[in-house]
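This report looks at aromatic ring pairs and at the pairing of strands. Please keep the sequence and the structure in view while reading.

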Amino acid sequence: TEAVTKLKFTHSAMGGRLEYGRPLMLTFSNPVKGYSLNRLVLSSIKGKDTTIIQASAEFADSIQRHLRITYNWDPESRYDLCIPDSAFTDMFGYSCDSTHIAFVMKPVDEYGKFVVTLNRQDLSFPVIVQLLTDKGSVADQRVVGNDNRADFGLLPPATYGLKAIMDTNANGRWDTGIFLKKIQPEKVQVHPKKFEVRTNWELEETWEL
């Protein structure tokens with residue numbers, strides 16, 4: 001008999017542990033065309049009590065490969081997401097198998113904190129402070145106004161870099177400039193140091209801009 005091709009997906013609760021305060025993300029192998037979100041059953045398990053809860057579920061991209069499930073997760077609870085057979089069908093007509101995803105939240109004490117204070121003279125525009133991974137991609141960012149404080153909150157322990165964008169037109173992104181209008185690109189500054197965020201530790205840095 002010919003094997004039946006199924007729609008596959010991965011999820012963000014690696015090893016059954018979801019990053020603190022983050023949504024549960026499902027990533028499908030192909031764009032999803034048909035779906036029944038009301039068939040998903042999310043349960044919260046605390047001690048001997050199991051409660052069916054309502055979470056927000058929506059696709060995070062236009063081609064519908066990434067489903068974001070958002071809830072105010074309780075670190076003291078365990079969770080089980082039941083995805084019934086054929087709840088999702090892709091663009092080729094392939095459906096998913098029945099699946100359970102069991103997960104808990106990573107405890108707060110497995111994270112560190114990182115707060116950056118800017119020391120700058122010109123307060124006429126905001127600064128976009130970007131937190132960079134060791135590979136240079138943007139892990140998070142904060143738009144800093146007159147308070148000059150970028151609090152990145154709870155972070156997984158890792159080595160991070162910093163980049164500052166002088167957002168002179170205050171549109172929340174870096175602009176390349178317009179040559180014909182003699183508008184210069186917005187200035188960018190990269191911090192020369194790398195920062196190690198450790199478990200259960202708060203790191204503070206003052207950056208002269």
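## Aromatic pairs

Across the whole structure, a search finds 13 aromatic pairs, where rings of Phe, Tyr and Trp (its six-membered ring) pair if their centres lie within 6.5 Å, with planes under 30 degrees apart counted as stacked, over 60 as edge-to-face and the rest as tilted. In one of them, the ring centres of Y35 and F59 are 5.0 Å apart and the planes stand at 65°, so this pair is edge-to-face. Distant parts of the chain are linked by the pair, since Y35 belongs to strand β4 (residues 32–35) and F59 to strand β7 (residues 56–59), 24 residues apart; strands here are DSSP runs (E, at least two residues), numbered from the N terminus.

The model is predicted: local features need pLDDT of at least 70 and side-chain atom pairs count only at pLDDT 80 or more, while totals for chains, interfaces and linings use all residues. Residues are numbered from 1 along each chain as its sequence is written, and side-chain values use heavy atoms, with hydrogens and water left out.

## Burial and a second pair

With a relative accessible area of 38%, Y35 is partly exposed, whereas F59, at 15%, is buried; buried means under 20% relative accessible area, exposed over 50%, and partly exposed in between (1.4 Å probe, protein chains only).

The rings of W73 and F103 have centres 5.3 Å apart and planes at 85°, so they too are edge-to-face. W73 lies in the loop between β8 (66–70) and β9 (78–83), and F103 in strand β11 (residues 99–105), so that the pair links distant parts of the chain, 30 residues apart. Both W73 and F103 are buried.

## A cluster and a charge over a ring

Ring pairs join F9, F28, Y35, F59 and F88 into a cluster. Elsewhere, R120 lies over the face of F125, at 5.9 Å from the ring centre, a charge being over a ring if NZ of Lys or CZ of Arg is within 6 Å of the ring centre and within 35 degrees of the ring normal.

## Strand β8 and its partners

The covered face of β8 carries L67 and I69, and the uncovered one H66, R68 and T70. Strand β3 (residues 24–28) pairs with β8 in the antiparallel sense over four bridges, where two strands pair if DSSP finds at least two bridges between them, and L26 stands opposite L67 in β8.

β7 also pairs with β8 in the antiparallel sense over four bridges, and T70 in β8 is the bridge partner of S56. β7 and β8 form a hairpin with six residues between them, and Q64 in the turn has a positive phi of about 60°.
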